Amino acid sequence: MKSERASAPEITGRKSTGSVTIEAAFGIPLFLFAVLCLIWLIELQSIRFSIANAAQNAAKSAAEDTAVIPVLNVWKLRSDIVALTGEERLDRSIIKGGKDGISCMGSYVSTQTGEMNIRVSYEIQLPIPLIGQPSAELEQSFKISAWTGYMSGGDGSDGADIVYVTDNGDVYHEDYRCSHLHLSIRAVSFDEIQEVRNEGGGIYHACEKCGFGNPVGNVYITDTGDRYHNSLNCSGLKRTIHAVKRTEVRGLGGCSRCVQ
C-alpha cells in the first residue's frame with residue numbers, strides 16, 4: 001500500500017509534464033503565426049493607404065495633361081505613383097516584385113464623359129509557409145474628372161486680364177502652369193532628410209500640421225518648399241488655385257517666374 005501511494009504522484013507528474021510539452025509544441029508555433037499574420041495585416045493596410053494617396057495625387061497631375069491630349073499615359077501615371085510612394089518603400093513591402101509589381105493597365109479616359117478611370121493593381125505575398133510564395137491580386141480603382149482649365153467668366157473680359165492666386169499666396173501668377181502653383185512632390189527617406197536641400201539651398205523642417213514624431217520610412221517634400229510631411233493628404237502639399245481679375249489682386253506682387 002505504501003509503495004502504491006509513493007508511486008502514484010510520480011506517475012501523475014510524468015503525465016502532466018508530457019501534456020505541457022505537447023501543448024507547448026503546438027501552442028508556440030501557432031502564437032508566432034498569429035503574430036506574423038497581425039504584422040502582415042498592418043503592413044497590408046499601410047501599403048494600400050500609401051498607394052491610394054499616391055494614385056490620387058498622380059491622377060490629378062495626369063488630369064491636367066488630358067486637357068491638351070485626351071489620352072492617359074499609363075506609364076507616366078505608374079511612374080508618378082512609384083515616385084510618390086517611394087521606390088525603397090515598395091521594394092521592402094509585401095508587394096510581389098516591389099516597385100515593378102505596380103500596374104496601371106486598364107486605366108483610361110472616357111471620350112463620352114471626360115472622366116478618368118484609374119485602376120491600380122498589384123499582387124501581395126501571403127503569409128503562408130508554402131512552396132512558391134503564394135500571392136493574391138489586389139486592385140484599387142476610382143474616377144476623377146478630367147481637368148478642363150480655368151474659366152475667366154462670362155463678362156467678356158480679355159483672358160490677359162485674368163491672373164491666378166492661391167489661398168495663402170503673396171504673389172499672383174499669369175501662367176496657371178507655373179511651377180510655384182503646381183507642386184512637384186517626391187518621397188525621400190526620413191533618415192536622409194537632413195542631407196536634402198531645396199532649390200534655394202535650404203534645409204527641410206517638420207510640417208506644423210503633420211510632421212509629428214519621428215516617421216518610419218519616407219516623408220514627402222517639394223523642391224520649392226522648406227517643410228517635410230508625414231502624409232500626402234496634408235494641406236501643406238495642396239494648392240487651391242483661383243482665377244481672378246488682375247484688378248482684384250492689388251497689394252500682391254507678381255511671381256518672379258511667370259510674370260514679365
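A salt bridge is counted here when a side-chain nitrogen of Lys or Arg lies within 4 Å of a carboxyl oxygen of Asp or Glu. The structure is a predicted model, in which local features need a pLDDT of at least 70 and side-chain atom pairs count only at pLDDT 80 or more, while totals for chains, interfaces and linings use all residues. Residues are numbered from 1 along each chain as its sequence is written, and side-chain values use heavy atoms, with hydrogens and water left out.

**View B. Glu-208, Asp-226 and Arg-227 form one network of salt bridges that share partners.** Between Arg-227 and Glu-208, the closest N and O atoms of the salt bridge are 2.9 Å apart. Arg-227 lies in strand E9, whereas Glu-208 lies in the loop between E7 and strand E8 (218-222), so this pair ties together parts that are 19 residues apart in sequence. Arg-227 also meets the side chain of Asp-226 in a salt bridge, at 3.3 Å from N to O. Glu-208 counts as exposed at 54% relative accessibility, while Arg-227 is partly exposed at 24% and Asp-226 is partly exposed at 37%.

**View C. Phe-190 and Tyr-228 make up the one aromatic pair that the structure holds.** Their ring centres are 5.8 Å apart and their planes stand at 65°, so the pair is edge-to-face. Rings of Phe, Tyr and Trp (its six-membered ring) are paired if their centres lie within 6.5 Å, and planes under 30 degrees apart count as stacked, over 60 as edge-to-face and the rest as tilted. The pair links distant parts of the chain, since Phe-190 is in the loop between E6 and strand E7 (205-206) and Tyr-228 is in strand E9 (residues 227-228), 38 residues apart. Both Phe-190 and Tyr-228 are buried.

**View D. His-173 is a buried residue in a loop.** The loop runs between strand E5 (171-172) and strand E6 (185-189), and the relative accessibility of His-173 is 4%, which means that the residue counts as buried. Beyond its neighbours within four places in sequence, His-173 is in contact (heavy atoms within 4.5 Å) with several residues, including Cys-178, His-180, Cys-255 and Cys-258. The C-alpha atoms of His-173 and Ala-243 are separated by 9.5 Å, although these residues are 70 apart along the chain.

**View E. Strand E2 pairs in the antiparallel sense with strand E1 and with strand E3.** Two strands are said to pair if DSSP finds at least two bridges between them. Strand E1 (residues 108-109) and strand E2 (residues 115-125) pair over two bridges, and the bridge partner of Tyr-108 in E2 is Asn-117. E2 and strand E3 (residues 135-145) pair over eleven bridges, and in E3 the bridge partner of Glu-123 is Glu-137.

Key. Helices (H or I, at least four residues) and strands (E, at least two) are DSSP runs, numbered from the N terminus. Buried means under 20% relative accessible area, exposed over 50%, partly exposed in between (1.4 Å probe, protein chains only).
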